[in-house]
Amino acid sequence: MREFAAIVLAGGAGRRLGGPGKPALPVAGRPMLERVLAAVAAAAPRVVVGASGPVGWTDLPPDVVTIREDPPGGGPAAATGAGLSLVGADTAEVAVLAADLPLLTAGAIGVLRRRLAESTVDGALYVDDTGRPQTLCGVWRTAALRTAVRRMEATRGGLSGASMAALLDGLRVAGVSWTRPSPPPWFDCDTDADLRRAQEWAQ
C-alpha cells in the first residue's frame with residue numbers, strides 16, 4: 001500500500017488577490033503553488049486541481065498530474081472529488097491542501113500524518129489561533145474521504161457548490177494547533193495584506 005498522496009486545490013477565483021493566477025504569485029521568490037508542492041514532495045501522486053495556462057501555472061514538475069473539477073469553478077468539494085479520482089485505492093492517506101499556503105512545510109505535513117497515525121480518527125487538520133478548522137490544510141484516510149465524497153454525491157446529486165465543511169461533516173477529525181516558533185503552516189493568502197505578511201514571515 002502506498003503511504004500518501006496529495007491533492008492541491010488551485011482552481012479558486014482569487015477575486016481578492018491575483019485572480020485565477022493567484023497560485024503563481026511569488027512569496028520569497030517562489031510561486032505559492034511551488035512551495036505547497038515542495039511540502040508534499042514525498043507524496044505520490046501529487047495532483048493539482050484547477051485551470052492551467054498563462055494566468056495560472058505552467059511549469060509543474062513532471063510527476064505532478066492535473067485535473068479540472070466538473071463543472072469548472074464547482075468549489076472545493078468538487079475539486080477534492082476530482083483530485084481523489086486520480087488517487088489509487090491502495091493509497092492509505094491523502095493530504096488536501098489549498099494552493100495558497102506559502103508557509104507550509106514538509107515538517108508541518110509530518111505533524112499531521114503522525115497525529116493521524118496515533119489515533120483512530122478519519123483525518124487531522126490544522127486549527128488557527130482561534131480554534132477555527134483549516135479545512136484545506138489536512139491529511140485524511142483515503143478510504144474515509146472517498147466515502148464522504150460518495151455520500152455527498154448520493155445525497156446532493158453532485159459535489160458542485162458544496163463547501164469543504166459540508167463534505168467533511170460526519171468524519172472524525174482531530175484538530176491540530178501549531179505551537180512551534182515558526183510561522184503557522186495553515187496561513188493562506190487571500191488579500192494583499194496576507195501576501196505582505198507571508199513575505200515577511202518567509203524572509
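Predicted model: local features only at pLDDT ≥ 70, side-chain atom pairs only at ≥ 80, totals over all residues.
Local features need pLDDT of at least 70, side-chain atom pairs count only at pLDDT 80 or more, and totals for chains, interfaces and linings use all residues. Residues are numbered from 1 along each chain as its sequence is written, and side-chain values use heavy atoms, without hydrogens and water.

The structure holds two aromatic pairs (rings of Phe, Tyr and Trp, the last by its six-membered ring, with centres within 6.5 Å; planes under 30 degrees apart are stacked, over 60 edge-to-face, the rest tilted). Take Tyr 126 and Trp 178. Their ring centres lie 5.8 Å apart and their planes meet at 80 degrees, so this pair is edge-to-face. Tyr 126 sits in strand β7 (residues 123-127), Trp 178 in the loop between β9 (173-177) and α6 (192-202), 52 residues apart. Helices (H or I, at least four residues) and strands (E, at least two) are DSSP runs, numbered from the N terminus. Tyr 126 is buried at 0% relative accessible area; Trp 178 is buried at 15%. Buried means under 20%, exposed over 50%, partly exposed in between (1.4 Å probe, protein chains only).

Phe 187 and Trp 201 also pair edge-to-face, at 5.1 Å and 85 degrees. Phe 187 is buried at 7%. Trp 201 is partly exposed at 31%.

Tyr 126 returns in the largest nonpolar core. Among its 39 residues, Leu 97, Leu 104 and Tyr 126 touch the most other members. Such a core joins buried Ala, Val, Leu, Ile, Met, Phe, Trp, Tyr and Cys residues through side-chain atoms within 4.5 Å. A second, separate core has 27 residues, including Trp 140 and Leu 167.
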